[in-house]
Amino acid sequence: MFKTLLGGLIGGVAMYLVGFLFWGTPLSALAFHRAESAAGSNLQAALAQALTPSGTGVYVIPDPATAHGTILYGKGPVATVFYNNSGFPVTDAGALIGGLILALVVGIVIALMLRIVSGDLAGRARATVLFALAAVLWLHIGQAVFNHAPWGYILYLAFSDFAALVAAGLVAAKIMESRQAAGSDATGEATLH
């Protein structure tokens, strides 16, 4: 169990570092479109005026819950806005620390999943890749399919999360491999003590 936890923690660090590479460096500019400065200021003012009374949340604009909103939604443009009515630093130390803790927890969950996967390193590596692929296809690509989210952003997000999940799983599987090998003799059979 020690190797599983160690593998999960180190895998979580690997996942965090891969996430940082994609989202904490200038590489992240590949995922975003930018509004000009004046347009950004105007949009921010409009958001503050229209959404602040309702508060932080996710908004579908225009709201298709009404007949008029449905007509406007069909005509476009439309947006899904992740709105926070209070500001925070671009590089938020609290989010970085919380993200590291989340990555460590997810790394441990991945290692625990791999622990129940029978087989060798190659089997665990295949399980890791298939798990990561299934997760990003459903969770991210599904947003582009069902909600018409922008494909460029979604593909970048999906690839970054796929790489991070695979890194965590492969690191954990490699560390756990020595646990399996230590309990086997030269024929691969488990030794009894």
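This is a predicted model: local features need pLDDT of at least 70, side-chain atom pairs count only at pLDDT 80 or more; totals for chains, interfaces and linings use all residues.
**Stop 1: the annotated spans**

Move on to residues 129-147, where the chain is 100% helix, with 0% strand. Here the end C-alpha atoms lie 26 Å apart.

**Stop 2: the nonpolar core**

Next, select M15, L114 and L165. These residues have the most contacts inside the largest nonpolar core, which has 26 residues. Helices α1, α4, α5 and α6 each supply at least two residues of this core. Which helix gives the largest share of this core? That is α6, with 11 residues.

Stay with M15 and show what surrounds it. Setting aside neighbours within four places in sequence, M15 is in contact with A103, V106 and G107, and also with A164, L165 and A168.

**Stop 3: I10 on helix α1**

Now pick I10, which sits in helix α1.

I10 and A168 are 158 residues apart along the chain, yet their C-alpha atoms are separated by 7.6 Å. To see what I10 touches, show V171 and I175: I10 is in contact with both, leaving aside its neighbours within four places in sequence.

**Stop 4: H140 on helix α5**

Jump to H140, in helix α5. This residue is classed as buried because its relative accessible area is 15%, and buried means under 20%. Show its surroundings next: not counting residues up to four places away in sequence, H140 touches A135, I154, L157, A158 and D161.

**Stop 5: the largest pocket**

Select F32, H33, T80, V81 and F82 to find your way to the largest pocket. Of the 38 residues that line this pocket, these lie nearest its centre. The space inside comes to about 1800 Å³.

If you colour the lining of the largest pocket by class, you will see 23 nonpolar, 14 polar and one charged residues.

**Stop 6: the second largest pocket**

For the last stop, move to the second largest pocket, which has a volume of about 980 Å³. Select G19, F20, W23, G24 and L96, the closest to its centre among the 26 residues that line it. Two or more lining residues come from each of α1 (2-23), α4 (93-116), α5 and α6.

Which helix gives the most to the lining of the second largest pocket? It is α4, with six residues. Colouring by class once again, the lining of the second largest pocket has 17 nonpolar, seven polar and two charged residues.

Definitions and conventions. Residues are numbered from 1 along each chain as its sequence is written. Side-chain values use heavy atoms; hydrogens and water are left out. Helices (H or I, at least four residues) and strands (E, at least two) are DSSP runs, numbered from the N terminus. On a 1 Å grid over the protein atoms alone, a cavity is a set of points where a 1.4 Å probe fits but cannot get out, and a pocket is an open set with protein on both sides within 12 Å along at least five of seven lines; lining residues have an atom within 4 Å of a point. Grid points are joined across faces, edges and corners, and a volume is the space filled by probe spheres set on the points. Ala, Val, Leu, Ile, Met, Phe, Trp, Tyr, Cys and Pro count as nonpolar, Asp, Glu, Lys and Arg as charged, and the others, Gly among them, as polar. Buried means under 20% relative accessible area, exposed over 50%, partly exposed in between (1.4 Å probe, protein chains only). Contact means heavy atoms within 4.5 Å. A nonpolar core is a set of buried Ala, Val, Leu, Ile, Met, Phe, Trp, Tyr and Cys residues joined through side-chain atoms within 4.5 Å.
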